[in-house]
There are 2 protein chains.
Amino acid sequence: VPETITSRSAAVAADERDALAPLRARFELPADVIYLDGNSLGALPAHVPAAIDDAVRRQWGQDLIGSWNASWWDLPNRIGARIGRLVGAAPGQVVCGDSTSVQLFQALVALARLRLGRKLIVTDGGNFPTDQYLADSAAELLGMQCVRVSPRDLDDVLDRDVAVVSFSAVDYRTGELWDAAAVTAAVHDAGALMLWDLCHAVGVVPFDLDGIGADAAVGCTYKYLNGGPGSPAWIYLAQRHQGAVRLPLTGWHGHADPFALAPTYTAAPGIQRARIGAPPVLSMVALDAALDVYDDVDIAAVRAKSLALTQLVMEYCRMLPGVTVVTPDNRGSQVALSMEHAYEVTQALIARGVVGDFRAPDILRLGLAPLYLRYADVWDALETLRDVLENDAYLDPKFARGLAKVT
Amino acid sequence: VPETITSRSAAVAADERDALAPLRARFELPADVIYLDGNSLGALPAHVPAAIDDAVRRQWGQDLIGSWNASWWDLPNRIGARIGRLVGAAPGQVVCGDSTSVQLFQALVALARLRLGRKLIVTDGGNFPTDQYLADSAAELLGMQCVRVSPRDLDDVLDRDVAVVSFSAVDYRTGELWDAAAVTAAVHDAGALMLWDLCHAVGVVPFDLDGIGADAAVGCTYKYLNGGPGSPAWIYLAQRHQGAVRLPLTGWHGHADPFALAPTYTAAPGIQRARIGAPPVLSMVALDAALDVYDDVDIAAVRAKSLALTQLVMEYCRMLPGVTVVTPDNRGSQVALSMEHAYEVTQALIARGVVGDFRAPDILRLGLAPLYLRYADVWDALETLRDVLENDAYLDPKFARGLAKVT
């Protein structure tokens with residue numbers, strides 16, 4: 001556990017010691033903003049605009065259809081391999097493309113079809129809504145039922161009726177990090193299959209998908225991976241299942257011989273069968289370039305800084321009257337704070353340049369992206385929060401409830 | 001029927017009379033290329049790079065998460081409305097997002113669920129492979145069966161067992177344009193529902209989805225709409241079905257109250273329920289800007305020019321020894337030519353700056369995009385084709401079969 005930071009000068013000193021501090025220069029960040037919402041939308045890597053401009057003007061504008069063979073066709077594999085390295089997946093098990101929702105559906109149906117004799121898909125009632133909705137949808141299509149249980153109470157439902165368990169590694173609201181190895185082992189002991197949603201883990205929490213024996217995983221790329229708004233998601237299918245899984249979205253890119261344009265579907269060998277149709281290339285190019293930031297970065301060092309930043313927030317906020325730190329010690333890279341008037345406080349902070357987000361009913365969620373946040377930024381943000389609370393600044397009618405914000 | 005063009009000077013004269021000729025200036029096109037593959041990937045509209053750059057540097061880089069509310073959240077609706085205008089859909093029936101494959105799956109399952117007592121999903125054995133594969137997949141998930149029949153033989157299978165018929169308006173290989181009104185009426189007479197794939201029609205063939213009573217439709221946006229590589233697709237659901245359809249991909253963006261983040265899914269009223277998760281924003285921004293090109297364009301005029309350009313190709317090629325014009329008079333905006341060595345001929349043409357594409361086993365496919373092609377371009381391409389054939393230029397070993405190209 002790193003030393004507690006109790007002053008701005010201590011925060012500045014921590015920045016001076018921080019081996020990751022130079023990474024901040026790889027990003028374009030707005031002046032006068034402390035951005036604590038990188039867990040919703042990561043910041044813009046500085047070299048991404050040029051990469052996109054090249055894709056638009058040269059690859060699309062000049063080379064036109066020729067760019068499909070020259071570069072674009074392989075993007076889902078190339079990006080998949082780069083993400084695989086960040087989540088402990090040996091090559092050949094990850095492809096990128098489509099949205100997280102689509103990838104969740106693919107993984108849920110594919111795994112459940114490997115256990116068709118069983119009746120239940122298990123999800124977490126605290127899982128992100130889309131995860132829950134798609135577990136319901138997949139269960140209905142396959143004649144199964146969906147049950148909701150927290151990872152902490154998994155034993156209550158885990159028996160031979162369970163086909164698939166689908167959990168998020170990090171709770172999107174509280175930030176709690178589950179013991180993925182233990183959960184996966186328990187699921188396998190019951191003969192079921194395990195799907196991990198790594199949206200809030202990839203890029204900040206070291207993960208060893210192969211090592212823990214995960215059966216499938218999905219994740220988005222627009223949070224800590226900084227792929228840009230709505231950048232495509234990815235899917236991991238463990239090598240041992242690849243020959244057997246039957247994915248529902250049978251697009252021609254996943255065909256064994258796509259360019260034969262055959263009238264019936266034969267799934268490609270390996271992870272290629274998880275490709276669907278033409279992915280959104282411009283968004284993929286942005287993501288591919290954004291991943292350069294991680295090329296020489298040690299995820300363990302990112303994790304250490306993430307823990308130090310979140311510790312700073314948690315320790316500071318435990319001293320704030322009326323504020324409850326919801327996030328437990330086992331955590332991802334965000335801190336959830338419950339308080340009265342959390343919505344208005346979030347708005348008052350934004351007005352002062354501290355950007356976090358609100359989660360109903362009473363959570364102020366602060367995301368700590370270790371690649372571009374300084375300890376001093378976090379200190380300043382906390383001082384701003386204290387001031388907003390002490391001076392009731394959030395009671396200004398201009399901060400009253402309007403449109404909620406987006407994950 | 002326009003006058004036959006039988007010389008380059010006649011082609012130049014046709015350009016001089018062409019009211020759509022100024023539209024070419026709205027595109028960036030490579031020098032020394034005649035691009036006859038706009039039916040695979042449309043050309044780059046000249047103002048798109050600036051729109052993307054603004055989305056990247058300002059909306060993402062500076063405004064960060066705030067851009068979701070300010071602009072991005074509404075993109076699927078805004079773009080959907082613009083596309084709706086091009087396909088005869090009154091407002092509130094089209095949203096944009098995800099790939100064509102995903103939208104096909106959504107539409108197939110949604111319509112088939114409205115006819116669960118029936119047994120068959122009908123597709124065209126000449127349909128684009130993905131359309132066929134997904135009809136098989138949807139049928140399997142719903143306990144139905146999939147049968148393949150050409151639109152011309154639909155009567156052979158159309159009875160009370162048919163739940164859904166899924167055809168493409170334009171055959172992707174031959175370019176044949178089906179009589180969508182007659183097909184839809186026959187399908188409805190049998191009590192079944194009709195899904196149209198407009199990938200090869202939208203932007204060049206006037207379509208009246210509301211008028212013909214289509215039940216659902218999907219289409220891509222990277223062909224004649226010039227949305228960029230892999231730009232997101234769209235889905236049309238007729239208003240009369242919107243309250244009843246149950247889509248399989250139940251992402252939170254399609255929820256009645258998305259920001260409540262409720263644990264169970266309640267479909268949004270209207271077409272909003274066809275939204276899924278976060279769409280690829282950068283690709284959507286490119287598409288949105290690309291659609292500006294169509295703002296003041298009369299689709300009937302585009303259709304007239306398309307017919308004139310394809311007529312020029314067809315009449316010219318009927319005179320070429322060894323070449324068979326496969327495309328019938330009822331056609332979209334492409335011409336399919338069958339010939340021996342079609343692959344090698346395609347490559348020899350590309351080497352001379354005439355870019356078309358090959359479709360197995362023996363088709364050279366020429367796409368005629370009326371917004372940026374001149375009659376003189378088409379004339380020059382045809383002269384090049386004649387020269388390649390007459391001089392056996394395609395026999396050069398460097399044009400021998402390698403990687404096929406992408407739609």
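## A loop residue and the basis of the model

A:D98 is found in the loop between β4 (94–96) and α5 (100–113) of chain A, where helices (H or I, at least four residues) and strands (E, at least two) are DSSP runs numbered from the N terminus. The phi angle of A:D98 is near 65°, a positive value in a residue other than glycine.

This is a predicted model, in which local features need pLDDT of at least 70, side-chain atom pairs count only at pLDDT 80 or more, and totals for chains, interfaces and linings use all residues. Residues are numbered from 1 along each chain as its sequence is written, chains are lettered from A and ligands numbered from 1 in the order in which they are written, and side-chain values use heavy atoms, with hydrogens and water left out.

## How the two chains are related

## The seven-stranded sheet of chain B

In chain B, 7 strands form an open sheet with mixed pairing, in the order β4-β10-β9-β8-β7-β5-β6; two strands pair if DSSP finds at least two bridges between them. The edges are held by β4 (94–96) and β6 (145–148) of chain B, each with a single partner strand, so one side of each is left without a neighbour in the sheet. Neighbouring strands of this sheet are turned by 20° against each other on average, direction ignored.

Within chain B, strand β9 (residues 216–219) and strand β10 (residues 234–237) pair in the antiparallel sense over 4 bridges, and B:A216 has B:L237 in β10(B) as its bridge partner. Helix α7 (residues 180–189) of chain B lies across β7 (162–168) and β8 (193–197) of chain B, running at about 150° to β8(B); axes are lines fitted to C-alpha atoms, for helices over the stretch in contact, and angles run from 0 to 180 degrees between N-to-C directions.

Strand β14(B) is joined by 3 bridges to strand β15 (residues 363–367) of chain B, and the two run antiparallel, with B:R359 opposite B:I363 in β15(B).

The loop between β14 and β15 of chain B is the place of B:P361, and the peptide bond that joins B:A360 and B:P361 is cis, with omega about 0°.

## Two crossing helices in chain A

In chain A, the axes of helix α12 (residues 342–351) and helix α13 (residues 375–390) come within 10 Å and cross at roughly 125°. That makes α12(A) oblique to α13(A), since angles under 35 degrees count as roughly parallel, over 145 as roughly antiparallel, 65 to 115 as roughly perpendicular and the rest as oblique. The contact (heavy atoms within 4.5 Å) is made by A:V345, A:A348 and A:L349 of α12(A) and by A:T384, A:L385, A:V388 and A:L389 of α13(A).
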